[in-house]
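Here is a short report on one protein chain. Look over the fold before reading on.

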Amino acid sequence: MNVVPIWLLIFKIPYVFVFFLGILLLVGIFMLCFAKKYKVKIINKLFDEFMLTLFVYLFGVMLLYCGKFFDLTIYLYTNPYDNLGSILYLLLIFIICGFFIFIMNKKFIFRGYNWLVSFVISFLLLPFIFLIPSYLLYSKDSVILSKFVMLESSSVKTTVDNLNIPFEDLEIKHDSIVITYNNDEYYNLYKTLEQDASLLFKLSRHLNDITYIVNGNKYIFKRDDINNIYGNVKNVTYKNILKRYEGIKNIYFGHVNDFDIIDKSEICMDRKQLIYEDDNNAYYVTCSDITKLYLVSGDKSYLLKDEIGTKVSLDLLFNSGLILNKEPL
């Protein structure tokens, strides 16, 4: 189910009749209160207010839709309060609509009447419904799925450069997503998957785990691990997320402690290579040249094989994109 924002839902039949007739009924009741004191002609004014309300709400919806040009679509469609930019944009639209309604009432519809009449009627016509986050109408899973689909297909992709790999299957389980792909014919696969995971974690505060299944192989990304890279991924811009991965020119196997694991091998080795050994087991890597595997932090780099047990642990390496084979001695 896709999430339809409340400000679009009110224009669908039968909601459009219920919503606008409800507003006019409320306005009519207040006009009755003013009718005797200020001699308001209710029937004539109600039609004018109906046309004004319809125009202002359509104008407001058009402005909300234009939020896509500022990369605010995802927030305006689900929860504008997740992003400072969407909050400010929404409040600006609300103020513009309110100002227009008051001016039209004071200068034209209720011209010559006490200003209090225009003020009260204008207040009743304010688009308060724009301020209600649409996610309240839907389940959390529907909101997460809708955000994912919007990222894949809407104009938001001009900002995040789209998710790199078109998925074959998507399964949502509470606060996690399982995404299945049919092939792994992508250069630097782990880097691509981690970048997409970062984008998805930024999109939804509810997600805690993302699992990719590629040709039966599982790649698991947790929010806490991604936050170790950025501090807090929610506070990082899409541009900076993309910039991080665009700057990685070699094969990338993930981030451990404060280091990126970078493989600068020029060819795939035709035999496994011993990278570490303890009292009970030997640990091998395949394809990668162990003399070209580095831990990189800023402008500093260290040979990975020399730093296992000091700068990084085996447990962390097993949770990274680097494939380690353990064999008993």
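What percentage of the 329 residues in the chain do buried residues make up? Buried residues make up 47% of them, where buried means under 20% relative accessible area, exposed over 50% and partly exposed in between (1.4 Å probe, protein chains only).

## Basis and overall fold

This is a predicted model, in which local features need pLDDT of at least 70, side-chain atom pairs count only at pLDDT 80 or more, and totals for chains, interfaces and linings use all residues. Residues are numbered from 1 along each chain as its sequence is written, and side-chain values use heavy atoms, with hydrogens and water left out.

The chain has 13 helices and eleven strands. Helices (H or I, at least four residues) and strands (E, at least two) are DSSP runs, numbered from the N terminus. Take the contacts (heavy atoms within 4.5 Å) between residues at least 6 apart in sequence: 62% of them join residues at least 24 apart.

## Nonpolar cores

A nonpolar core is a set of buried Ala, Val, Leu, Ile, Met, Phe, Trp, Tyr and Cys residues joined through side-chain atoms within 4.5 Å. The largest one holds 62 residues. Phe130, Tyr212 and Phe221 touch the most other members. Helix H9 (residues 189–203) supplies the largest share of this core, eight residues. In soluble globular proteins, nonpolar side chains tend to be buried together.

Tyr212 deserves a look of its own. Neighbours within four places in sequence aside, Tyr212 is in contact with Ile179, Tyr181, Leu193, Asp196, Ala197, Leu200, Asn217, Lys218, Tyr219 and Phe221.

Glu49 sits in helix H3 (residues 42–65). Glu49 counts as buried because its relative accessibility is 0%. Not counting residues up to four places away in sequence, Glu49 touches Leu24, Val27, Met31, Asn105, Ile109, Phe110, Ile121 and Leu125.

Tyr238, Ile241, Leu242, Arg244 and Tyr245 are buried. Why are they on the same side of H11? They cover an arc of only 155° around the axis, the arc being that of the directions from the helix axis to the C-beta atoms. Lys239 and Lys243 are exposed on the other side of H11.

## Two pockets

Pockets were found on a 1 Å grid over the protein atoms alone: a pocket is an open set of points where a 1.4 Å probe fits, with protein on both sides within 12 Å along at least five of seven lines, and lining residues have an atom within 4 Å of a point. Grid points are joined across faces, edges and corners, and a volume is the space filled by probe spheres set on the points. The largest pocket has a volume of about 550 Å³. Of its 24 lining residues, Tyr190, Ile220, Leu316, Asn319 and Ser320 are the closest to its centre. H9, strand E4 (217–222), helix H10 (223–230), strand E5 (251–256) and helix H13 (314–318) each give two or more residues to this lining. E4 gives the largest share, six residues. The lining divides into twelve nonpolar, eight polar and four charged residues. Here Ala, Val, Leu, Ile, Met, Phe, Trp, Tyr, Cys and Pro count as nonpolar, Asp, Glu, Lys and Arg as charged, and the others, Gly among them, as polar.

The second largest pocket has a volume of about 450 Å³. It is lined by 20 residues, with Ile251, Phe253, Asp263, Cys287 and Ser288 nearest its centre. H9, E4 and E5 give two or more residues to the lining of this second largest pocket. E5 gives the most, three residues. Its lining residues comprise twelve nonpolar, six polar and two charged.

## Backbone details

The peptide bond from Ile13 to Pro14 is cis, with omega near 5°. Pro14 lies in the loop between helix H1 (6–9) and helix H2 (15–38).

Asn257 is not a glycine, yet it has a positive phi of about 50°. Its loop runs between E5 and strand E6 (259–263). Asn257 is partly exposed, with a relative accessible area of 41%. Cys287 also has a positive phi, near 75°. Cys287 is in the loop between strand E8 (281–285) and strand E9 (293–297). With a relative accessible area of 33%, Cys287 is partly exposed.
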